[in-house]
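Open the structure in your viewer and follow the stops below. Each one gives a selection and what to look for.

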Amino acid sequence: MKAIRAAEGLLTLSQQDELVDLPNYPLSASEDEGDSDGERKHEKLLEAINSLDGKNRYKLAERSEASLKVSEFNVSSEGSGEKLILADLLEPVKTSSSLATVKKQLNRVKSKKTLELPLNKEEVERARTPLEHEIFNLLHKNKQPVTDPLLTPMEKASLKAMSLEEAKMRRAELQRARALQSYYEARARREKKIKSKKYHKIVKKGKAKKALKEFEQLRNINPTAALEELEKIEKARMMERMSLKHQNSGKWAKSKAIMAKYDLEARQAMQEQLAKNKELTQKLQVVSESEEEGNTEEEETLVPDVVNEVQMDANGPNPWMLRSCNPDAKEEEKPMDSEHLPEPVAHQFSESEEDERPVAEEETLLKEFEERRALRKRSEFSQDAEPMGSRETQDSSSQEVLSEVRALAQRLNKGNLQSRKQRVTSTGTVLQVQREEPAPEEEEPLLLQRPERVQTLEKLEKLGKEECSQKKELPRPILQREWTERNPNNQPDASKGKKKEQMINLQNLLTTKTPSVKSLEVPTIEELEDEEAKVQKQMIKEAFAGDDVIRDFLKEKREAVEANKPKDVDLTLPGWGEWGGLGLKPSAKKRRRFLIKAPEGPPRKDKNLPNVIINEKRNIHAAAHQVRVLPYPFTHHQQFERTIQTPIGSTWNTQRAFQKLTTPKVVTKPGHIIKPIKAEDVGYRSSSRSDISVIQSNQKRLSGHHKKQLKKSSTD
Amino acid sequence: METAPRPGRNVPPKKDKLQAKRKKPRRYWEEETAPTSAGASPGPPLKKKRNGEVRLQKPKNTRSSKKSRISKKPQVPKKPRERKKPEPQRSLSGAQDPFPGPAPVPVEVARKFCRIDKSIKLPRSKSKTRSKLEVAEAEEEETSVKAARSELLLAEEPGFLEGEDGEDTAKIRQADIVEAVDIASAAKHFDLNLRQFGPYRLNYSRTGRHLALGGRRGHVAALDWVTKKLMCEINVMEAVQDIRFLHSEVLLAVAQNRWLHIYDNQGIELHCVRRCDRVTRLEFLPYHFLLATASETGFLTYLDVSVGKIVAALNARAGRLSVMAQNPYNAVIHLGHSNGTVSLWSPAVKEPLAKILCHRGGVRAIAVDSTGTYMATSGLDHQLKIFDLRGTFQPLSARTLPQGAGHLAFSQRGLLAAGMGDVINIWAGQGKASSPSLEQAYLTHRLSGHVHGLQFCPFEDVLGVGHSGGITSMLVPGAAEPNFDALESNPYRSQKQRQEWEVKALLEKVPAELICLDPRALAEVDVISLEQEKKERIERLGYDPEAKVPFQPKPKQKGRSSTASLVKRKRKVMDKEHRDQVRQSIEQQQQQQQQKQKQEKAKPKGSRPSALDRFVR
């Protein structure tokens, strides 16, 4: 169809072009117009064509009326618009009759065409057989084209009916459509190339949401189609179950499994995959019968009409199943309560819809989980708020505990849930009444729980676990409380713990360990009795020298530690970039920003020694005597330190060892003459020659003994 | 300062001793003791009441064979002599050397002289560095072996006092000891009755030959206490707080009522140091030639006696300073304060190097042992405590005394004497380097007056006590180091030798600013300024010249040097380095775990874990 349409469009376009070119022509030129008229028009056309050039051509005189006098000098082909043909000129004015017959024959032969196979349409048109007659009749009746199959007369008419502007608009529209299409394609290509997982996740979620909405609408409008969709989901599940997808068995999953030990992300990815598999393979189950029975009566009242309708419409599947696809109560109720459904829009599910389905489901599941978690949190919060209640429940059975706690939590959070409740109540006023009564407390939570109703066995199990966990959680705080009560200085003193320990340590240090007084120096006391005054003095001193000593020392130590700590640099300028003045302090944010924190120094030596303050200041004077450059082959100071750890001096060594340690590398004998350096030793030849010559000249005078010496020196 | 005994360098005094040994004079009591010890017969005809065995270090010549009951100190088990060569060399004479090669040295003895701390693991070093380190270690081994071998020359053994079974040595009185020992040793016990000039302070010179005493009421005297030859005796007509010899026995510093005065050995006043006023205690640091004075005004002043300058005057900010001691190991001055703290001072630092809270009440006395390991303090809370000075400053042992000790003194071999009222208690440890155990007193002695000054005499088993009744010289067997370094401090030196030693000592004077808590830290590289200089250099150059150059693959021919392959090669090297790092870290972790496991294993063996353990702090 599209192709045909396009062809049509093209056709119309070509016609329009003609129209544009020849604006003066009436569009519908009837066939019965006269020849003269045609000629005139033809001339005009030629004129127009000539004028297109833009040059003013010499215009020949126009023959306005027909004249029979035609001079031979006035012969010109111009004006008539016909070309001169030589044959015409050569021809006699009157043709001879002798050749006429031959000519006629020739012409006839010429004019007669050879028979072509298949037969011409003109020939086909003629109906020969009765069947053909019938067909032609039919065609004529419906005004179908017989010869030209492209356009029906209707179409032709419509084409003719289309105005120029319409055509233009149409063309512009098409153009835009094409441009948009290309844009869209480019965009799709670009998006496909995006590697960001987050982006794709968001896109997927968005799509899923959209699909969900659409599905809802579809369900409202056309339940059967919705059911089909559901079947599709079911089919996808089956496929998933059959396949090995999402079971951590693929190449990717294996690679991740290797990394999972170290990489948290990989582990998460694997778990996600498994979770996905679970979700996909999870059967949308009917709730166990007993529970259904218990709930159905309530459900009848609770469930909005729309749902029931759906159930009636889709007589096959269970309404629960339907709802399970889309259990999000908030979203569900919105369109129902607002009563005015969105306008019926024809919904075409594209092929991509199928892919989106599971994602949508996943999202719904996620939402469920979140809600449930939130609910649990709230209940916990309520527990904290009402510890008494939680304590009381400890005695009762676990089921009761759970329900009560939940009820409490929900009662507490009534305020928060007001809006939701209102929505629910709009559907059924009966519920409102019930809610006022204290008795049906069980129902209220049920109602509120509905969004997270148990749908699968697995979830049932989860719920059970939840209960267990809640059971566990209950006694814990109490235990903690008891613990804290038992030793009240346990937690609050945690910050001071160390200090306290220090104190205790100090006390221990300063108290006696060995109170053994019995020894030989007993007589001293007798002796001391002589000087009672002195004893008394000491007694007084001892009395005043009290426990303050420890506190003072600790204070001193704290001060010393504080003084030795590297200090932070505060670069805030008050009044810079904000109001300044007396009593105005720069904002905390600004102060934080311009505070340069000093690096944490090494731990103090007396960190664990409560009774000691060790000065951490460096002895600069001593440091001046220390080695501060590493000599060559050493790369680390410890290496060099090892070589200088043994003392060399005679104070620490025996005489022999001292001598050996301090022997110089080169030993010169006493009395050995070291001659001054000569130029020849260095390598100069020129000066040495002269020396040699001098020596040679003197050689004769030298005695043998001297010669020997010279030799020695030269060899040296 | 550390001193390794260096025997046999200065011969003459040794010779004296040896000669004295050679004579071996018979003691009048020797024959009497011999039968008792040999036969152990009941009811020996003894003049002595006690059977306690007494040995002073000096009478080495007493034959131990005669006194079989005297149990000798367990000697260091020496290795059996190994014959290095199975076939002994034959000399020209044809005689065989029965012990060829150098004499073997027991490992334990040699280890004593090793100073390289091999527990520190060095970072990986280049071969060149390694060879240097090896050379250093070889040198150390050689020197330590030589030192250990020369220990043979330390002929003297410390004396001791040992009771019979169940007998308390503390019950042995001085009179008994004096009776038991030889005449020379017995002559070292004496009492000076000087009741006129009040309680006495006393000080022995570094050689242990001379004694200076200063009475509260102005009596100052110096004497060669061995020969009892008086050098000078004056009355300064002023209250004397403390008295101390300077580097030699020639100079004498006396803290008088107002100022610090310096006298020579003839009693002539040389100096009056007015900048040190109201001095209560004096302490002389011999290697730094520093006289440290603690004053009533709360100042600790260091006076360099070699140049006569005050090096530092530190305000302790703790009121009156009346308790002072020096740490002979690192020349740090310990001050005791009334708030129960002991502060450690160096002239180079304005603040105390460390402050230790020792007592609830004020500190009454401090003493530091000669190795600088232990500090004994006594306070107003009647406690006597021994602290570990090696970094932790924690009390090792403590005991309460009926009346707190007013004076404390450590001997060279680690005996602790405490003066409480008119009683002297002396505690001894197990060996030389161990702290004295405060459970059982080694000796006690009652004086005729209250103790005012205590000092062990160096190189003599004598404790000098100054008290209100004069001076008492007690015999304390095993107190002093029996072997002396004649170059260091020679008790028998002549005047000439003393002068020579003085010059050498002055040349070897240690600058005052080198006094710090850990003197071995001076042999370490100043890492902070090293880093600083490195940083500055990097800043100046704009790059780190010592930084490891990143691996640059060599260019290769035949198209193998494509960018991809270069990158690949680089990658390879990087990966390798990374792998090495990971491997190392894993190994470290494993080691740590193993250690932990070992600790855990070691712990529960002693006792079963009980439920009450959780309450243990």
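Helices here are DSSP runs of H or I, at least four residues long, numbered from the N terminus. The model is predicted.

**Stop 1: a histidine**

Select A:H637. It lies in helix 31 of chain A, residues 637–643. Is A:H637 buried or exposed? Its relative accessible area is 17%. Buried means under 20%, so A:H637 counts as buried. Now show its contacts, leaving out residues up to four places away in sequence. A:H637 touches A:L630 in chain A, and B:V525 and B:V527 in chain B.

**Stop 2: a helix pair**

Select residues 197–221 of chain A for helix 9, then residues 223–242 for helix 10. Their axes come within 6 Å and cross at roughly 135 degrees. Angles over 145 degrees would count as roughly antiparallel; helices 9 and 10 of chain A are therefore oblique to each other.

Show the side chains at the contact. Helix 9 of chain A brings A:F215, A:L218, A:R219 and A:I221. Helix 10 of chain A meets them with A:P223, A:A225, A:A226, A:E229 and A:L230. By class, this contact has 7 nonpolar, 2 charged and no polar residues.

**Stop 3: one helix, end to end**

Select helix 12 of chain A, residues 264–281. At 1.5 Å a residue, its 18 residues should span 26 Å. The end C-alpha atoms are 26 Å apart, which agrees.

Zoom in on the start of helix 12 of chain A. There, a side-chain oxygen of A:D263 reaches to within 3.2 Å of the backbone nitrogen of A:E265.

Last, color the buried residues of helix 12 of chain A: A:A266, A:A269, A:M270, A:Q273, A:N277, A:E279, A:L280 and A:T281.

How values were computed: Residues are numbered from 1 along each chain as its sequence is written. Chains are lettered from A and ligands numbered from 1 in the order in which they are written. This is a predicted model: local features need pLDDT of at least 70, side-chain atom pairs count only at pLDDT 80 or more; totals for chains, interfaces and linings use all residues. Side-chain values use heavy atoms; hydrogens and water are left out. Axes are lines fitted to C-alpha atoms, for helices over the stretch in contact, and angles run from 0 to 180 degrees between N-to-C directions. Helices (H or I, at least four residues) and strands (E, at least two) are DSSP runs, numbered from the N terminus. Angles under 35 degrees count as roughly parallel, over 145 as roughly antiparallel, 65 to 115 as roughly perpendicular and the rest as oblique. Contact means heavy atoms within 4.5 Å. Ala, Val, Leu, Ile, Met, Phe, Trp, Tyr, Cys and Pro count as nonpolar, Asp, Glu, Lys and Arg as charged, and the others, Gly among them, as polar. Buried means under 20% relative accessible area, exposed over 50%, partly exposed in between (1.4 Å probe, protein chains only). The expected span of a helix is 1.5 Å times one less than its number of residues. A polar contact is a pair of N or O atoms within 3.5 Å; within protein, one must be able to donate a hydrogen and the other to accept it, and residues adjacent in sequence count only if both atoms are side-chain atoms.
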